[in-house]
Amino acid sequence: MILNISDSTFKRIMKNEDFYLPIRWDGNSFSNTLELLFNKYINQLELLSEQKENNMYISTNLTDIKKVCGLLVKSVNDYLNGFPSKSYATFNKVMNIIMRNPLQIYFKSIMEQFDSPSVQDKLKLFRVVCVEDNKPYDRERIFHTPYNLRAKVSTCRYSIAGYPSLYLGTSLKLCSEEVNMDLHRTFALASVFKLERVFEYTNIKIKVIELGVKPQDFVETKQTNQINNRKLSHNLLDSPDIKSDYLLWYPLIAACSYIRINKKDPFAAEYIIPQLLMQWVRSEMSSMVEKECKQLIGIRYFSCASEKASDMGFNYVFPTSGKQKTAEHPYCSVLSKSFRMSKPVYVHEYENISACQDFLETINEFDFI
């Protein structure tokens, strides 16, 4: 069933605070919580579609949206019932539907490399790592957890326990918020990262799946988003195609965007769908390897550590490939060629986090691990 709604109707749905992200829930039944949200979402689409207005119309496939919602709930239930493989098989059906209309996948082909001296790559990503002492560290310490220390990798939103991934953020404040850093009580290292975009060197194609768009982004002003450090292209958000795709992708983005109730608990229902998505990403990276090159797929998303953190910028997560750089260096062979980084500095040696970021942004010396 193809549903046609007006642009003003679309914005009315996006203004509904019941659909705002991230979501704080009561911790009772996650599958029921998800199902209630999706039922309300579908009801709003059906109800508001009946209000005919003389306006630009947005077409979306309501049948596909209903399928996605139902499959996501079923996937969560399968997982909670102790069938993780069945849960993934169900989730894979979700991706088969929504990937027919990808929201935004940024593909860096050989024609899009920023290898010209006249072109400045403005994307700077930061990483903060807490350490237990105050000694000098090299670049390896701020990279992903090495494979030989995977026992120290706890469960994260987009990665399971024991499997290292590289988490980065567009601001140092956001990274500090994610690791609960106390500037006055914590020893923390910080570095700035830059993607190595010269395809001839890396032989790696990079894709980033976009999960960083909130419903409120479609109704807030450009100035508001810039103040919140989430600089989205409003020309892009005004596109009827993007709005149509977002209606289909919203259930997945919402299912990945619940604030974790208690980080001390060993299991987080809030992480079921994000971790299944990362499993799908890893599967895609393995199955779509081309003879001439490798592929790296990441995810861009807004923080769900808190409502405040969700407006501090964007997080990026890149999974490790499982292959080591060398026998002596237990780091991902793909990620180690995809990122250059600065030497780490101690955050506490600066007046505040902003001062540390200001310094990192002046650095021009980047190198691989």
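Contact means heavy atoms within 4.5 Å. The structure is a predicted model, in which local features need pLDDT of at least 70, side-chain atom pairs count only at pLDDT 80 or more, and totals for chains, interfaces and linings use all residues. Residues are numbered from 1 along each chain as its sequence is written, and side-chain values use heavy atoms, with hydrogens and water left out.

The protein chain has 12 helices and 11 strands. Helices (H or I, at least four residues) and strands (E, at least two) are DSSP runs, numbered from the N terminus. Of the 369 residues in the chain, 53% are buried. Buried means under 20% relative accessible area, exposed over 50%, and partly exposed in between (1.4 Å probe, protein chains only). Among contacts with a separation of 6 or more, 77% are accounted for by residues 24 or more positions apart.

Helix α10 spans residues 272-287. Its 16 residues reach 23 Å from first C-alpha to last, close to the expected 22 Å at 1.5 Å a residue. The expected span is 1.5 Å times one less than the number of residues. The helix is mostly covered, with 12 of its 16 residues buried. Among the buried residues are I272, P274, W280, R282 and E284. Their cover includes the helices α3 (62-80), α4 (84-98) and α9 (240-255). It also includes the strands β7 (204-211), β8 (294-301) and β9 (315-319).

A cavity is a set of points where a 1.4 Å probe fits but cannot get out. A pocket is an open set with protein on both sides within 12 Å along at least five of seven lines. Lining residues have an atom within 4 Å of a point. Grid points are joined across faces, edges and corners, and a volume is the space filled by probe spheres set on the points.

The largest pocket holds about 1,300 Å³ of space. Its lining comprises 37 residues, with R127, S154, C156, Y167 and V179 nearest the centre. By class, 19 are nonpolar, 10 polar and eight charged. Ala, Val, Leu, Ile, Met, Phe, Trp, Tyr, Cys and Pro count as nonpolar, Asp, Glu, Lys and Arg as charged, and the others, Gly among them, as polar. At least two lining residues come from each of β4 (125-131), β5 (165-169) and α5 (172-178).

Strand β4 is mostly covered, with six of its seven residues buried. Seven bridges join β4 to β6 (residues 187-195), and the two run antiparallel. Strands pair if DSSP finds at least two bridges between them. Within this pairing, R127 stands opposite S191 in β6.

One cavity of 30 Å³ or more was counted. The largest cavity holds about 30 Å³. Y158, L211, I253, C256, S257, Y301, F302 and C304 line it. This lining has seven nonpolar residues, one polar and no charged.

N180 lies in the loop between α5 and β6. Its phi is near 55°, a positive value in a residue other than glycine. N180 counts as exposed because its relative accessibility is 56%. N180 and A305 are 125 residues apart in sequence but 9.5 Å apart in space, C-alpha to C-alpha. N203, in the loop between α6 (199-202) and β7, also has a positive phi, of about 60°. With a relative accessible area of 31%, N203 is partly exposed. The peptide bond from L21 to P22 is cis, with omega near 0°. P22 sits in the loop between α1 (7-15) and α2 (30-48).
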